[in-house]
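Please look over the structure below before reading on. The briefing that follows covers strands, the disulfide, the pocket and some loop residues.

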Amino acid sequence: VQLQASGGGLVQAGGSLRLSCAASGRASSNDVMGWFRQTPGKEREFVAGISRTRSLTYSVDSRFTISRDNAKNLGYLQMNSLKPEDTANYYCAISFEAGIPQQQRQYDYWGQGTQVTVSS
């Protein structure tokens, strides 16, 4: 599975961004797409996850909404009311574990990350 995240950029506080994750390669009927973020010197932290059937979703912050379009092999992370502390490199990833995994080690495939910078 290959993943490519895009959509990052520079935005003012209070603004919105929608990140995309394009997936290619081995298809699965039960994978979970997750989004993580990382700032320099810190561990990668879970942001949101969604099952392939979209029956399970979880986000750590109500400002962030995760979705996916399986027909297009795309995943999305809609981020609203952005704050400077949301500044980070955002990664999409795929897991084959049950539920919505929230640990980095539970994910098998990773995209390259897309930088989000929120100015105050």
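Buried means under 20% relative accessible area, exposed means over 50%, and partly exposed is in between, with a 1.4 Å probe and protein chains only. Helices (H or I, at least four residues) and strands (E, at least two) are DSSP runs, numbered from the N terminus. This is a predicted model, in which local features need pLDDT of at least 70 and side-chain atom pairs count only at pLDDT 80 or more, while totals for chains, interfaces and linings use all residues. Residues are numbered from 1 along each chain as its sequence is written, and side-chain values use heavy atoms, with hydrogens and water left out.

- Strand β1 spans residues 2-6, with Leu-3 and Ala-5 on its covered face and Gln-2, Gln-4 and Ser-6 on the uncovered one.
- The strands β1 and β3 pair in the antiparallel sense over five bridges; pairing requires that DSSP finds at least two bridges between two strands.
- Gln-2 has Ser-24 in β3 as its bridge partner.
- Gln-4, in strand β1, is exposed because its relative accessible area is 52%.
- Not counting residues up to four places away in sequence, Gln-4 touches Ser-20, Cys-21, Ala-22, Cys-92 and Gln-112; contact means heavy atoms within 4.5 Å.
- The C-alpha atoms of Gln-4 and Leu-56 are separated by 22 Å, and the two residues are 52 residues apart along the chain.

**Disulfide**

- A disulfide is a covalent bond between the sulfur atoms of two cysteines.
- For assignment, the two cysteine sulfur atoms must be within 2.5 Å.
- The structure holds one disulfide, which joins Cys-21 to Cys-92 with an S to S distance of 2.1 Å.
- The link of Cys-21 and Cys-92 is right-handed, with 70 degrees about the S-S bond.
- Cys-21 counts as buried because its relative accessible area is 0%, and Cys-92 is buried at 0% relative accessibility.

**Largest pocket**

- A pocket is defined on a 1 Å grid over the protein atoms alone, as an open set of points where a 1.4 Å probe fits, with protein on both sides within 12 Å along at least five of seven lines; lining residues have an atom within 4 Å of a point.
- The largest pocket holds about 180 Å³ of space; grid points are joined across faces, edges and corners, and a volume is the space filled by probe spheres set on the points.
- Of the 15 residues that line the largest pocket, Ala-23, Arg-26, Asp-31, Arg-52 and Asn-73 are the closest to its centre.
- The lining of the largest pocket has seven nonpolar, four polar and four charged residues.
- In that classification Ala, Val, Leu, Ile, Met, Phe, Trp, Tyr, Cys and Pro count as nonpolar, Asp, Glu, Lys and Arg as charged, and the others, Gly among them, as polar.

**Loop residues**

- Arg-52 is found in the loop between β5 and β6 and is buried, since its relative accessible area is 17%.
- The contacts of Arg-52, not counting residues up to four places away in sequence, are Ser-28, Ser-29, Asn-30, Asp-31, Arg-68 and Asn-70.
- Arg-54 is found in the loop between β5 (45-51) and β6 (57-59), and its phi is near 70 degrees, a positive value in a residue other than glycine.
- With a relative accessible area of 46%, Arg-54 is partly exposed.
- Asn-73 sits in the loop between β7 and β8 (74-79); although Asn-73 is not a glycine, it has a positive phi of about 55 degrees.
- Asn-73 counts as partly exposed at 39% relative accessibility.

- Ser-67, in strand β7 (residues 64-69), is partly exposed at 30% relative accessibility.
- Ser-67 touches Ile-50, Gly-75 and Tyr-76, not counting residues up to four places away in sequence.
- From C-alpha to C-alpha, Ser-67 and Ile-50 are 6.8 Å apart in space, while in sequence they are 17 residues apart.
- Thr-114, in strand β11 (residues 114-119), counts as buried at 10% relative accessibility.
- Residues up to four places away in sequence aside, Thr-114 touches Ala-5, Ser-6, Gly-7, Gly-8, Leu-19, Ala-88, Asn-89 and Tyr-90.
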